[in-house]
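Subject: Model handover, with notes on helix packing and cavities

Dear colleague,

Please read them beside the model.

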Amino acid sequence: MSEEQRVAAASAEGATAPIRAVGTDDEPAVGNQRLLGGWEGWAVYVACILYTAFHLVSLNLYPIETWTYRLLHVAGGLAIGFVLMAAFPFDRPMREELLRPLERPLAVLAAVAVGWPLLCVLWAFVGRWATGEMRAAPWLFAVWGQPLLLGVLIAIAAGWLRRGSSERIAWFDAVLAAAALAVGGFLIFSLDGAALRMRAGTPLADVQNFYAALVGVLLILELTRRVAGLALVAITVVFIAYAFLGPWLPGFLRHQGYTATRFFTYIYTDNGVLGPTTAVSSTYIILFIVFAAFLQASKVGDYFINFAFACAGRARGGPAKVAVFASALMGMINGTSAGNVVATGSLTIPLMKRVGYRAQSAGAIEAAASTGGQILPPIMGAGAFIMAEVTGIRYTDIAIAAVIPALLYFVAIYYMVDLEAVKLGMKGLPQKELPLFSDLVRQVYLFIPVIILIGALFMGYSVIRAGTLAMASAVVVSWLTPHRVGPVRFLRAFELGAVMAIQIIAVCACAGIIVGVIALTGVGARFAALLLAVADTSQLLAMVFAMVIAILLGMGMPTTAAYAVAASVVAPGLVRMGIEPLVAHFFIFYYAVISAITPPVALAAYAGAAISGSDPMRTSVTAFKFGLAAFIVPFMFFYSPAMLMQGAWFDILHVCVTAVIGTYFLACAVQGWFFGRLAIPPRVALAAAALTLIVGGWLTDAVGVGLGIAVFAWQRALGAARAEEGVPMTRSS
């Protein structure tokens, strides 16, 4: 036994306190999030509640015109985001001395420069409300966008130089919030909406519309940088640059190029920022984020993790299997892979280290398991809603199709952690340290909101109505627990829903910029032609090419943006190859999700490394290893659409069983363990057996199962020979 394992075993013997998840539902504050107090805290609290209420009322009771609704959705999200999220973490060194001598004059200048456009918008609003005149007076917006742009540039630069307070709203962030409201108000009140959209992206586009769109894009990029990092911003900037550099690029990348006015006015319409991604974030996503906030208010997350410990804690390598089980359940609450890691990993990762897993393995297992929550129905993160919007396929059909792929993902991770536990001779946690299953069964009613959601969807209710019913049921169910949702918790859930929605709003709007560039330049169609040319040589090679592109586009990006971008670039080519739209989009979606554990930029793995105290790059490589068996799953449903519930029940059962066997063979080949340690030749044979089971045909399945049986017979014979020689079949490291 290694030194690390002896220390872990000693600590395990001395640790007898019962394990119980507490506080996993609490939304952790990130390093640049302000915790406001006083009147500012109350003002933001009220603003968040009103923002959430606006969406729920508009979605369920009093719908408003789509253009106005989406503009208010984006403008409100940007405004709340800027007052809550600072430009950088508060512990980051800043160059404040560069700004200090000129700070007061610049603050006044920025406030006046943004205050005038905002005042014009308010004047136009009052005029429309008082007179009913839809079009504002032309003089009101004659000189409007130039000062707004100046104020925003000053405020962004000030935010990059000055730290600000974690408990007070900085003047430059207040300016950016006001600018976001000014942009939204201009696009609503300055011109008739239909005329504005008709002229956008054409030589007739209004110059003030250009300034509004340019400022809007700058605000979206800055907030996205604050909440999601530089990866998505960098990719978006590359696409924006592509729109202007097209005439000088070679081959299929070449296009005619566009003027700044035409480009930005086109992007800030329903062809780009206000297009499919924002359509989804303003309806389905925010609804289910608020649903998750109500589940958190009633502490359902704690119950899910305790339930997982009661079910799987005693198994060998128990905490790792708890991580798989709990992450699957928490995936219905958390909208991101990294958020799932933080929620469950804070409890499971230390326990995995205690029973003998290395620090990097513990972080990697949690990252791989948490990533799977994005493909688990019924909620599936946010990507499935975008898939429904883009493809026109009903959400219920997408949720049904996701069942077997999600099952295979978690089965693959389970196999990997189980084989790791066998190799290292691990045991589970003592029963006395685990929650009592009998106690948790009495609270099984906490699953009712999820059951109502699923039931309502399959009874034919719309996604919005089903989500609203599930939200209401979460409130009612909480009354049966000590964490009853009364008026205070109710309003707290509304506030939490708005705060949780900030990242996804910014990310969806930023992804909309990329989608707009692809639509404007036509690069998606040209890329589809390139993919089709590759498919003429080999369809398998084209699929591998599509897989690589989806993973590369997804690295460092949230799942929602990763799928939206990859679907715009890759999906048209796959569909033109003759692949069914559902299969093509699921193929891309799956790999966009897995990009969260694919090095060198693996956000979920980095979150796991932060908790486990391991090296981030080594953890990401280990996470990739644990998720490797899951990488073949999309090829399985590419060759066997029955895996997406397409076809007769017998075909579906056949491909499901053979896929589970193939996944197990591949996990054994990766881990080098199949009823004992595997030498190189049988590992290669098992990997080949797994690959033959991908196709789903009877002949290839027979070959794969036959190879597996042959390796099993070899291992048994080798084990018998070693037993006669007195050589043990297991190893401790």
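Helix 22 and helix 25 are roughly parallel to each other (angles under 35 degrees count as roughly parallel, over 145 as roughly antiparallel, 65 to 115 as roughly perpendicular and the rest as oblique), because the axes of helix 22 (residues 487-521) and helix 25 (residues 559-569) cross at roughly 10 degrees, coming within 9 Å. Here helices (H or I, at least four residues) and strands (E, at least two) are DSSP runs numbered from the N terminus, while axes are lines fitted to C-alpha atoms, for helices over the stretch in contact, with angles from 0 to 180 degrees between N-to-C directions. This is a predicted model, in which local features need pLDDT of at least 70 and side-chain atom pairs count only at pLDDT 80 or more, whereas totals for chains, interfaces and linings use all residues. Residues are numbered from 1 along each chain as its sequence is written, and side-chain values use heavy atoms, with hydrogens and water left out.

On the helix 22 side the contact (heavy atoms within 4.5 Å) is made by Ile 504, Val 507, Cys 508, Ala 511, Ile 514, Val 515 and Ile 518, and on the helix 25 side by Thr 560, Ala 561, Ala 564, Val 565, Ser 568 and Val 569. By class, these residues comprise 11 nonpolar, 2 polar and no charged, where Ala, Val, Leu, Ile, Met, Phe, Trp, Tyr, Cys and Pro count as nonpolar, Asp, Glu, Lys and Arg as charged, and the others, Gly among them, as polar.

Helix 22 also packs with helix 3, at an angle of about 110 degrees and with the axes 9 Å apart, which makes helix 3 roughly perpendicular to helix 22. Their crossing is left-handed, and in it His 73, Gly 77, Ile 80, Gly 81 and Leu 84 of helix 3 meet Val 499, Ile 502 and Ile 505 of helix 22. That contact divides into 5 nonpolar, 3 polar and no charged residues.

The largest cavity has a volume of about 50 Å³ (the space filled by probe spheres set on the points, which are joined across faces, edges and corners). Its lining consists of Leu 71, Val 74, Ala 75, Leu 78, Ala 180, Val 183, Gly 184, Gly 216, Leu 219 and Tyr 268, with two or more residues given by each of helix 3 (66-84), helix 6 (171-189) and helix 8 (207-228). The largest share, 4 residues, comes from helix 3, and the lining of this largest cavity has 8 nonpolar, 2 polar and no charged residues.

The second largest cavity holds about 40 Å³ of space; of the 11 residues that line it, Ala 86, Ala 87, Phe 88, Arg 162 and Arg 163 are the closest to its centre. The lining of the second largest cavity includes 4 charged residues, besides 6 nonpolar and 1 polar.

With best wishes

How values were computed: On a 1 Å grid over the protein atoms alone, a cavity is a set of points where a 1.4 Å probe fits but cannot get out, and a pocket is an open set with protein on both sides within 12 Å along at least five of seven lines; lining residues have an atom within 4 Å of a point. A crossing is left-handed if the near helix is turned anticlockwise from the far one by less than a right angle, and right-handed if clockwise.
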